[in-house]
Amino acid sequence: MHRNPPPFDIERARRETRGCEKLVHFDNAGAALPPAPVMDALVGYLREEEEQGGYEVMARRAAELEQFYSAAARLLNCSSTEIAFTESATRAWNAAFYALNCQPGERILLGSAEYGSNLVALLHQARRVGVELVEVPDDEHGQTDPKALESLIDERVRLICLTQVPSGGGLVNPAAAVGKIARAAGIPYLLDACQALGQLPVDVEAIGCDILCGTGRKFLRGPRGTGLLYVRKSLLNQLEPAQLNHHAAELLSASEYRLRNDARRFECWERSYGGQLALGVAIDYALEWGLETISARISDLASELRRQLDGIEGVTVADRGLQQCGIVTFHTQQQPSTALQRKLAEKGINTSTVPFSANPLSSEQHSTPPLLRASLHYYNTGKEVERFIEVLRELL
Ligand SMILES: *Cc1c(COP(=O)(O)O)cnc(C)c1O
């Protein structure tokens with residue numbers, strides 16, 4: 001290892017993570033433990049709504065609420081006018097996808113890590129409209145093969161879809177290599193960065209994606225029921241949302257409206273304002289730690305976990321890919337993953353299993369579903385990894 005990581009302030013990270021005192025939380029790809037400043041912001045906002053009235057608090061704290069957009073823009077390296085607040089990554093992805101208004105005979109290229117929910121929407125449009133879905137083959141490392149993608153480009157291709165980090169595996173897809181091809185061909189590129197945000201540096205200019213979705217509760221450590229959508233300005237005017245409302249479009253008269261010219265055309269007016277505020281706080285909190293620092297720390301912990309898992313008889317680590325992240329998936333000969341997850345939980349260790357529906361196209365899934373998933377964050381420690389291994393050995 002040539003990397004010389006800066007000293008990581010693990011004491012601060014744990015002091016500001018109240019939940020980590022009582023348990024080992026290895027389910028950060030499901031929902032991470034939020035840090036104290038995020039939850040304090042959320043609970044404080046809700047308390048003010050209780051005591052002052054929702055509209056009144058919203059008006060008084062308008063500037064702070066607005067900070068969500070600038071925080072998200074800093075996170076992704078874009079303009080705040082290219083950001084929409086959503087209740088989830090699914091809402092964000094769907095809003096953009098259906099606005100593309102794909103036509104019969106058009107093709108959509110997608111990688112094998114595509115999230116199951118996205119796949120349902122893609123299949124829906126295939127059935128209803130007659131778009132053709134074409135799966136891009138993986139390379140020998142199990143990641144989307146940019147060369148194979150390039151060879152599938154022709155005038156029929158309307159959209160390229162990629163899930164950067166699958167929810168059920170440790171690999172990181174070559175999102176920027178895909179972006180290069182999409183840009184050269186002038187084809188819109190929709191990136192599902194749900195498991196990447198808060199875990200890896202994600203820069204929409206470096207990657208070259210035109211649309212991106214993310215969620216609050218995973219590696220960003222935000223509250224549940226929050227998410228975000230990025231849409232590149234140059235594409236925005238070509239995307240008319242499939243559903244409109246009087247926040248997305250201004251009513252000019254009883255018979256006329258004008259669509260907003262920013263990404264908020266994908267929003268509704270009503271939402272969890274406390275959630276929006278707290279997601280902004282969570283993004284700033286992540287930026288304060290630094291995404292390079294965070295990803296290096298997570299990657300070290302996850303490598304250590306994979307190394308120790310490899311040393312246990314009957315355990316097979318399933319993660320593929322050249323670049324790997326904090327999501328560690330494996331199965332054991334001794335016990336089904338669902339039973340192991342339950343027994344680990346009884347010992348105060350949170351993990352999850354990966355259902356087939358998480359990324360159904362992935363080859364990792366087909367052999368022995370479900371896998372057990374241990375997903376690590378920077379506030380986890382080497383000691384917790386050791387405890388996990390110790391308990392797992394006992395259970396097996
Ligand atoms: C969790 C997840 C989603 C969906 O996020 P929601 O906020 O639950 O809608 C989408 N894509 C990937 C890769 C995910 O892991």
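**Entry 1: Leu251**

I started with Leu251, which is exposed at a relative accessible area of 60% (exposed is over 50%, buried under 20%, partly exposed in between, with a 1.4 Å probe and protein chains only). This is a predicted model, where local features need pLDDT of at least 70 and side-chain atom pairs pLDDT 80 or more, while totals for chains, interfaces and linings use all residues. Numbering runs from 1 along each chain as its sequence is written, and side-chain values use heavy atoms, leaving out hydrogens and water.

I found Leu251 in strand S9, residues 249–253 (strands are DSSP runs of E with at least two residues, helices runs of H or I with at least four, numbered from the N terminus).

**Entry 2: Gln103**

Next I looked up Gln103, in the loop between helix H6 (89–99) and strand S3 (107–110). Gln103 is partly exposed, at 37%. Setting aside neighbours within four places in sequence, I see Gln103 in contact (heavy atoms within 4.5 Å) with Val129 and Val131. Val131 is 28 residues away in sequence, yet the C-alpha atoms are 6.3 Å apart.

**Entry 3: the ligand**

For Lys218, a polar side-chain atom sits 2.8 Å from a ligand oxygen. An N or O atom in the Arg217 side chain is 2.9 Å from an oxygen of the ligand.

Conventions. Polar contact = N/O pair within 3.5 Å; in protein donor to acceptor, adjacent residues only side chain to side chain.
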